[in-house]
Amino acid sequence: MPLTIPDRRRARRIRAGLGRAAAAALLAAPLAPAVAFAAELPDPYVHYTFDSAAADGTVADAAGSGLAATVSGEGAAFAEGSISLPGGANGSGAAFVSIPGAAYAGQEAVTISIWMTNATGSDNYAGAYVGNADRTKGYWLLNPANPSGAVKSVITSATAANPAAETWNTEIGSTQAPARSSLSLYTTVISGATGTMSFYLDGVKISSHAIATDLTDFGDLVAFIGKSPYPDRFFKGTVDDYAVYHEALTDQQVSELYADQAAERAEVLAPAAIESALAVVAAKVPAEAVETFTVPVTSGPVGISWSSSEPGVINVDGDGVASVSRPRAEEGDAAVTLTATYSFPGADPAVRTYTVKVSADQTDTAKVSADAEALVIHNADDMRSNFSVPTVGAAGSAIAWEVIEPGAADPRLIAGVRDGSATYVIKRPSAGSDPTIVVLRATVTSGDVAQTKDIAVTVQPMSSVQAEEAYVWAFFTGEGQGAEKISIAASKGNDALAWNTLNDGNPLIESTEGTGGLRDPFIIRSHDGDRFYMLATDLKVAGLPGGFTTAQRTGSKYLEIWESTDLVSWSEQRHVKVSSDYAGNTWAPEAYWDAELGKYVVYWASNLYDTVDSADRTSLTYNRMMYVTTDDFVTFSEPRVWIDSVRKSGTDGLGTIDVTVAEEDGVYYRVYKDEGDMTLREEKSTVLTSTVSGDLPGAEGAPDQWTLITERIAAGLPNGVGTNTFVHGEGPSIFKANADDINGAAWYLFIDQPDYHGGPNHYVPFATDKPLADTSAADWYSAAAKLSSNLPQNADGGRPRHGTVIPVTRAEYQTVLLALQPDIAVSAVEQVSVTTTLNTQPWLPSTVELTMADGSVQEAGVTWAPITAESLASPGQIRVRGTAANDTREPVEAVVTVLPVNEPDSEPSPVPTPSPTRAASGESPTPAQAATGTPMTRAQESAAAAAPVPTSAPPSQNPASVNSTTAAPIRRDDNAGSGGRGSLPKTGTGLTGLLISVAFVGGGCVLVALRNSKRGLYSHPDPR
């Protein structure tokens, strides 16, 4: 039961004076930046103290306006200066309070301040309401505990002039602060002049939002405590004070208001506030410590000061930083008593003590032994990059390095990316060479004790350069059960807009660290090309109270990292801290190789705070883009701010996130999400790590600074869902199209458009056919019509959300398919070998047999590359590349032997142009088909093959004569790509012999080559 302070009502009406100023000074430090003097507070226009009510249920206005409030319904009670409301279901007749609308009429700027204790629980209801009696015409509403367990103070964009049936969908405001059940001051400041609404809890600003409406837009006003026009339950709890000011109070004035009134309520507030602070401190003070730690110096309105029984061992400064100096080994362990004094204005301080054990330092011998034992070099048996080494051990030993055997790698030691590390720069042997062995010696020293340790490092040769002919996609699928895991998909051959689901639609990687969730996976190919690094966000939103708000205030400071040489076998998960203790989240990491730095730049988004104690973060700040550098994704530099731009209030988390980077001809291009309007923007710079602070870049600027190319990129283009268009999105992934991508694009930009951004809840693709340097906003076009029907889909129905697409070689692609979906992986392709004569187009089969990795056999159609007249102009062999119409768009190759004609004086035959498809009839080939090379049906092929071979055929047309002709040397096309003309078959069993028969059909000579169980047709149009 709250205790009554006898003169509290008189104290409340004091608007200035030494007592209030002194109280404000006591609370100012923990709540807001210190001020030199107390801000003068205006008088409220109406003020209800709830000391009592008249017999008719009216509550007098203590401010003297004459606007009395009215208590209606059943169950209200007055006690100790508060009104208690019983709560109840809609229609139950429970008590509530009506405030005259005149208290707000005509006011563009108002401050509403309410002392309230909520006992309703989490649900949809109103603790306070001001607006039209018809809620569709707009309102302001305070709910002290919404269904998500957060305090909600919102105003609608719906107005009397523009009503909305689903008014709740037009609400703008704060839903960030966790709900409370103790007596608290809820303050909302609405300013139509500045277009802002700010919400404060116990004098601390929680959020500020841009608004386009104020109370004057809602027509005739009604106001309530305990209900609204919605058919919701009634508020249950007590209201201690309700005041309305006809001006927008400043941050300092709101802080002063709380300081003044909290001191008046010290007997009520102090016990709960100090009890809460005690719990916070108990969780922060360690039982043992050997290194610096922090302790809270504030907890809400409570100030906490510290002293130490042995400041030479533990010394706590005014910011709560507890510096630890371990006793010498011979001095033994120390037990230090830390004393905390808890202060609340107007209440007696509380004192508590905490004992912290500080273990004695190790001996030099023990330090050296421990540090030498722990010393390892990551990937020492398979080194493919520069690598970091420690120069200080975990126990404090100094570590010096020297090269004992350099091998062929010529290792060179340079400064590391951070204090306590160094970097070895190596030269890898050329492709095709043997690995080289480097032996390094580490000398570990502490005091007069030293120990050496030799470590052999196997440096792998460079990999050969191969064309990239397919794509792999890493992604997660959302927030649902099981969705925050990493899945992998593979393209259908060299087509970035058609995809295969892999692993039977099941995620490939689940987290074993941190929050247990994985989002936003990003894969980067190493600078040398033969290792992959995968990064992911450590975040699990499913089941997280407060959702994304909590995740940005008390989220992870870690990245999740894996590496692989084949995209299938991934290393153990590494849980690596890259953010500072002042960060609230570490979101959407990506990386890019910076050639000038000679290092990888890793970047992500973080909210940054002025305290390392997450319990003191009462509201969000805003997302900044951060970056670090690394040689090996093992050791990272200290984080630095890359983009620092407040996009809304600075207390709503809204800044810049989700950067993706590409490089073209020495210029870096980046696309990222501007949370100011949830759209994407594109910029360029010659220096990747150039920083931005304040306003986002414009179109003008030096080449080494980031400058704007396009705002609202892709806005208005189709998103693949009916006639809908793309405007808002996130998680962009930019990547260069492969040289022979069948869509003909130069670059792709995939953008995640979740349902909360009006999208299909998966990626939407855009493309340009130009180099990035020549691509303007108008050059990006939507490719969503194709991708939307060719997306991979997980077994639970999930489709790709934030992730990354990476081009891969055919060999890498095959490895992924064999491991993750063998029923679509091809292990062998039927060999195709045919013969033709000079200047005569060969007949190539319309289908081939594919042997799959799981042992099954598929027949697939084939699209063949055109054969040029030049390639048929002289005897020899040519190789014709084709593509099978299976899930992997398997490369197919035909070996075509071009034979000379024994009629040197005959005119060359014209080269026919083959039709891309076969006729569907079962007839024998017509003379026209035989003479021009028009493709035949299977039935026609069979008929031609079954025709008898005349024994009196002229020597020039006899198969034996043809086969006995001396062929010219095999011709190879030096410029042919993998699997193209002039290259060896990638699959199959090699070349086979040909059995050639001859049939005469309608005056034309048709040669039929039997190859395995299939027949390849070609003809000689000469009727002789």
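Which residue forms a salt bridge with arginine 531? I looked this up in a predicted model. The partner is glutamate 563, and the closest N and O atoms are 3.3 Å apart.

**Entry 1: salt bridges**

I placed both ends of that pair on the chain. Arginine 531 sits in the loop between strand E33 (518-525) and strand E34 (532-538), while glutamate 563 belongs to strand E35 (residues 558-564). They are 32 residues apart, so I noted a link between distant parts of the chain. Next I checked burial, for which the cut-off is under 20% relative accessible area. Arginine 531 has 5% relative accessibility, so it counts as buried. Glutamate 563 is also at 5%, and therefore buried.

I then went to arginine 624. Its salt-bridge partner is aspartate 644, with 3.7 Å between the closest N and O atoms. The arginine is in strand E39 (residues 623-630) and the aspartate in strand E40 (residues 640-644), so the bridge ties together parts 20 residues apart in sequence. Arginine 624 is buried because its relative accessibility is 11%.

My next pair was glutamate 890 and arginine 810, whose side chains meet at 3.0 Å, N to O. Glutamate 890 lies in the loop between strand E55 (876-884) and strand E56 (891-899), and arginine 810 in helix H8 (residues 810-820), so this bridge ties together parts that are 80 residues apart in sequence. Both residues are buried. I also traced a network of salt bridges with shared partners; its members include Asp382, Arg428, Arg531, Glu563 and Arg574. The count for the structure is 45 salt bridges.

**Entry 2: aromatic rings**

I counted 30 aromatic pairs. In one of them, tryptophan 473 and phenylalanine 475 have ring centres 6.0 Å apart and planes at 70°, so I logged the pair as edge-to-face. Both residues are buried. Tyrosine 592 and tyrosine 668 are edge-to-face as well, at 6.1 Å centre to centre and 85° between the planes. This pair joins strand E37 (residues 587-594) to strand E42 (residues 667-674), with the two tyrosines 76 residues apart. Tyrosine 592 is partly exposed at 21%, whereas tyrosine 668 is buried at 7%.

I found a ring cluster too, with Tyr471, Trp473, Phe475 and Trp499 among its members.

**Entry 3: a lysine over rings**

I checked lysine 227. Its charged end sits over the ring of phenylalanine 96, 4.7 Å from the centre. The charged end also sits over the ring of phenylalanine 224, at 4.9 Å.

**Entry 4: nonpolar cores**

The largest nonpolar core has 43 residues. Tyr48 is one of those touching the most other members. Beyond its sequence neighbours within four places, tyrosine 48 contacts residues including Val59, Leu67, Ile99 and Tyr242. A second, separate core has 35 residues, among them Tyr258 and Trp306.

Methods:
Residues numbered from 1 in each chain as written. Heavy atoms only, no water. Core = buried A, V, L, I, M, F, W, Y, C linked by side-chain atoms within 4.5 Å. Buried < 20%, exposed > 50% of the residue type's maximum accessible area, 1.4 Å probe, protein only. Contact = heavy atoms within 4.5 Å. Salt bridge = Lys/Arg side-chain N within 4 Å of Asp/Glu carboxyl O. Helix = DSSP H or I, 4+ residues; strand = E, 2+ residues; numbered from the N terminus. Phe/Tyr/Trp six-rings, centres within 6.5 Å; stacked < 30°, edge-to-face > 60°. Lys NZ or Arg CZ within 6 Å of the ring centre and 35° of its normal.
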